[in-house]
Amino acid sequence: MPQTSLDGPSTASASRLPSAAASPRHRWLILAVIGVAQLMVVLDATIVNIALPSAQKDLGFSDGNRQWVVTAYALAFGSLLLLGGRIADLFGRKMTFLVGLVGFAGASALGGAANSFEMLVAARVGQGLFGALLAPAAMSLLTTTFTDPRERAKAFGVYGAIAGAGGAIGLLLGGVLTEHLDWRWTLYVNLVFAGVAFLGGTLLLRRTARDRTTSLDIPGAILVGGGLFSLVYGFANAESHDWSSPQTWGWLVVGAVLLAVFTVWQTKSSHALLPLRVLLDRNRGASFISVLISGAGMFGVFLFLTYYLQQSLGYTPIETGLAFLPMTGALVISSSLATSVLIPRVGPKPVVPLGMGLAAAGMVWMTALDQHSSYVTDILPTLVVVGLGLGLVMPPGMSLAVAGVDAEHSGVASATVNAMLQVGGSIGTALLNTLATSAATDYLAGKDPRDPAVRAQAGLEAYSTAYWWSAVFFGAGLVVSVLLYRRGVPEQNADAAPVVHM
């Protein structure tokens, strides 16, 4: 299931992890407050997916545009995470946390009240923007609230459990709200979470002094944000303008140039968003790429499988949410096996490629789904296989992305791998949606689009194309992980700050 990730403390705060300061008296209540905020951010990655077919029908936007409802949030969130960590240090964690909550709630209210596609997408951008403020501030607050190492470990364990369960809760809650109320309530519900967290945060959180040693890398943020947007927009334009159009390749070139300039700038900036030395370790680089590729395949899968279940098979939103749960269970089982048993014994080189291979095989299997497929015999096995594969890739990849990083740079390493997941999802969703809608258009050429059977088959052609290309992504991930990961068990740095991923 698509799971978003929450980064660790920002670079500056990570280098000053508290150890001797007295823990707040209400620290476990503070954990509950932060957990509610965490749950809200995690829910938003999955809850809207279930509601998307209903939202599309209500607002009347095209298949070519539907991916922006998913991409807008992930792109804004992923590209601004690094900057969000710096802002939390500069303006104080409590203030950043509360501003993030208010902004996230306001953007959610705007999305729930949307009367047009453009308004909905703008709201999703706003959610991503304020989520990028909220996430690193929440993580830093957790680190500074629990100063005893044993208590901190327990707190991170609880936080991680909330993160892991949040995606599954989002699937079910999205189905319930969409079916019994309206798709708009998948956005309005955030006002409840934000209100509870804001009240608790106002009463319980300590005000922290601003860190005057931290500066914002505004040029870096503009370059990386502009570069990522240009790439995603270029892939999205291919559906309506074709690959030979300047509207497609022009934006892709602009994106590549901006990211190249960002890379050069990071070598010169005194407050770099992403110090390049963080990327140079082979295992770490392999993990970043693996998470990026997995995000590209995973986010697209959920978008198209949701549409397949609801539009081709007639599942209700609740049934759709329930249908994905076995995949979650398989992912939890394999991720626990990978992180607790396999990686400590044999290292990542055999484990991550195996996961990529399983995910690719599951996606190829999905291409056989049609209008008469049975859930138990046809759909369930593919979901379990993909879930097992993702469990062998995602948690190990995220853990290894910060392994060996000292406390000073653990925050930026964690923020980077989280951004990789979101950016991979953005690019993957845009590209897969372009390829899928093009496949449907090609199938309809010369046929009567008013014929329900023809339209249904065109949808299946679109979904099958998306599954095939997702399999290609995972196949590429298999090759990359085999080539880049080192043999043997990686060394762990005991000084690295703890990191939780969603």
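Which helices each supply at least two residues of the lining of the second largest cavity? The points below take up this matter and two related features of the predicted model.

1. Helices H2, H5 (117-145) and H7 (185-204) each supply at least two residues of the lining of the second largest cavity. The largest share, four residues, comes from H2.

2. This second largest cavity has a volume of about 60 Å³, and the structure holds four cavities of 30 Å³ or more. Among the residues that line the second largest cavity are Val48, Leu52, Leu120, Arg124 and Trp183. By class, its lining divides into eight nonpolar residues, one polar and one charged.

3. The second largest pocket holds about 460 Å³ of space. Its lining comprises 19 residues, and those closest to the centre are Asp63, Gln311, Arg455, Gly459 and Tyr463. Two or more lining residues come from each of helices H2 (27-59), H10 (282-312), H14 (407-444) and H15 (452-484); H15 gives the most, with seven residues. Nine of the lining residues are nonpolar, six polar and four charged.

4. The second largest pocket lies between domain 1 (24-210) and domain 3 (274-492), because both domains give residues to its lining.

5. Helix H9 (residues 246-266) has 21 residues and spans 29 Å from first C-alpha to last, close to the 30 Å expected at 1.5 Å a residue. At the start of H9, a side-chain oxygen of Ser245 comes within 3.1 Å of the backbone nitrogen of Gln247. The buried residues of H9 are Thr248, Gly250, Leu252, Gly255, Phe262 and Gln266.

Terms used
Residues numbered from 1 in each chain as written. Predicted model: local features only at pLDDT ≥ 70, side-chain atom pairs only at ≥ 80, totals over all residues. Heavy atoms only, no water. 1 Å grid on protein atoms, 1.4 Å probe; cavity = no way out; pocket = protein on both sides within 12 Å on 5 of 7 lines; lining within 4 Å. Points joined across faces, edges and corners; volume = space filled by probe spheres on them. Nonpolar A, V, L, I, M, F, W, Y, C, P; charged D, E, K, R; others polar. Domains from an automatic or database assignment. Expected span 1.5 Å × (residues − 1). Buried < 20%, exposed > 50% of the residue type's maximum accessible area, 1.4 Å probe, protein only. Polar contact = N/O pair within 3.5 Å; in protein donor to acceptor, adjacent residues only side chain to side chain.
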